[in-house]
Amino acid sequence: MHNNTTTNYKSGFVSIIGRPNVGKSTFLNRVIGQKIAIMSDKPQTTRNKIQGVYTQDDAQIVFIDTPGIHKPKHKLGDFMMKVAQNTLKEVDLVLFMINAKEGLGKGDEFIIEKLKETSTPVYLVINKIDEVHPDDLLPLMETYKALYPFKEIVPISALQGNNVEVLLDQIKKFLPEGPQYYPADQVTDHPERFIVAELIREKVLHLTREEVPHSIAVAIDSMKKRENKDMVDIQATVVVERDSQKGIVIGKQGKVLKEVGQKARVDIEALLGSKVFLELWVKVQKDWRNKQSQLRDFGFNENEY
């Protein structure tokens with residue numbers, strides 16, 4: 001751990017919020033340099049507080065990617081909303097990320113209303129500036145400035161890296177003096193099981209596209225290192241809400257599930273740094289999102305927040 005008695009070490013917690021598809025995961029992955037946040041063009045794929053830890057000699061920024069702040073439609077939505085609002089209160093700084101190309105949307109106005117309820121300072125981060133003409137940025141900034149007193153407004157391209165360093169420097173300047181919370185080589189505080197589950201879930205969503213909605217969960221049944229071998233055995237279950245979804249996830253002659261397994265295994269091996277033997281099952285659990293007890297089984301535990 002860093003000894004911060006001799007230097008002015010800066011550290012703190014930063015929450016990234018924004019509508020779906022504004023590039024929060026792309027930003028996190030660029031900064032942390034590892035694929036820790038699930039990458040998907042579908043909304044609300046990140047459901048737990050994935051933390052990316054960015055460590056330097058003079059500072060440590062702990063990023064918290066809150067579950068989408070969105071209008072809840074069912075119990076899972078209510079729960080995620082509560083988590084998101086609690087998170088905003090417990091961080092040092094909020095990054096409100098928007099998509100330069102899409103401009104102000106209903107979802108942004110909803111988020112701004114939520115931001116007004118908290119006293120945490122907020123930076124407006126305008127992402128995807130590589131997709132718009134520079135002349136369009138100023139009016140966009142003015143529109144948002146009129147709605148909320150942002151501490152800073154920083155335009156970036158998370159995909160290409162433009163201005164990302166500038167944003168990190170701004171954050172560092174702003175953070176209070178404090179300890180190094182995590183070891184320098186730790187990029188996320190989530191148990192590996194959670195990230196493994198998210199990587200599998202990402203592949204299912206990606207390969208089934210529009211056919212399977214977000215009503216899927218992945219439960220890791222077991223994860224064990226083989227004795228005297230550089231091999232980790234993982235058994236996981238993909239939980240869907242309907243029989244028809246089960247068929248789609250498995251695919252003709254098991255083709256889809258096989259591809260899910262192959263693609264997930266590549267990412268999991270990179271994460272764990274060892275060979276992986278992955279076995280996948282698909283199970284139907286009707287209407288699991290509205291059954292609070294089952295939500296708890298899948299790690300959406302209200303008491304943790």
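Helices (H or I, at least four residues) and strands (E, at least two) are DSSP runs, numbered from the N terminus.

**Figure 1. Overview of the predicted chain.** On that definition, the chain has nine helices and nine strands. Of its 305 residues, 53% are buried, a term that denotes under 20% relative accessible area, with exposed meaning over 50% and partly exposed in between (1.4 Å probe, protein chains only). Where contact means heavy atoms within 4.5 Å, 73% of the contacts between residues at least 6 apart in sequence join residues at least 24 apart. This is a predicted model, in which local features need pLDDT of at least 70 and side-chain atom pairs count only at pLDDT 80 or more, whereas totals for chains, interfaces and linings use all residues. Residues are numbered from 1 along each chain as its sequence is written, and side-chain values use heavy atoms, with hydrogens and water left out.

**Figure 2. The pair formed by Phe13 and Tyr181.** Six aromatic pairs occur in the structure, where rings of Phe, Tyr and Trp (its six-membered ring) pair if their centres lie within 6.5 Å, planes under 30 degrees apart counting as stacked, over 60 as edge-to-face and the rest as tilted. The ring centres of Phe13 and Tyr181 are 4.9 Å apart and their planes lie at 55°, so this pair is tilted. Phe13 belongs to strand β1 (residues 10–17) and Tyr181 to the loop between α5 (164–174) and α6 (192–208), 168 residues apart. Tyr181 is partly exposed, its relative accessible area being 37%.

**Figure 3. The pair formed by Phe96 and Tyr144.** With centres 6.4 Å apart and planes at 65°, the rings of Phe96 and Tyr144 are edge-to-face. The pair links strand β4 (residues 93–99), which holds Phe96, to helix α4 (residues 137–145), which holds Tyr144, across 48 residues. Phe96 and Tyr144 are both buried, and together with Tyr148 and Phe150 they form one aromatic cluster.
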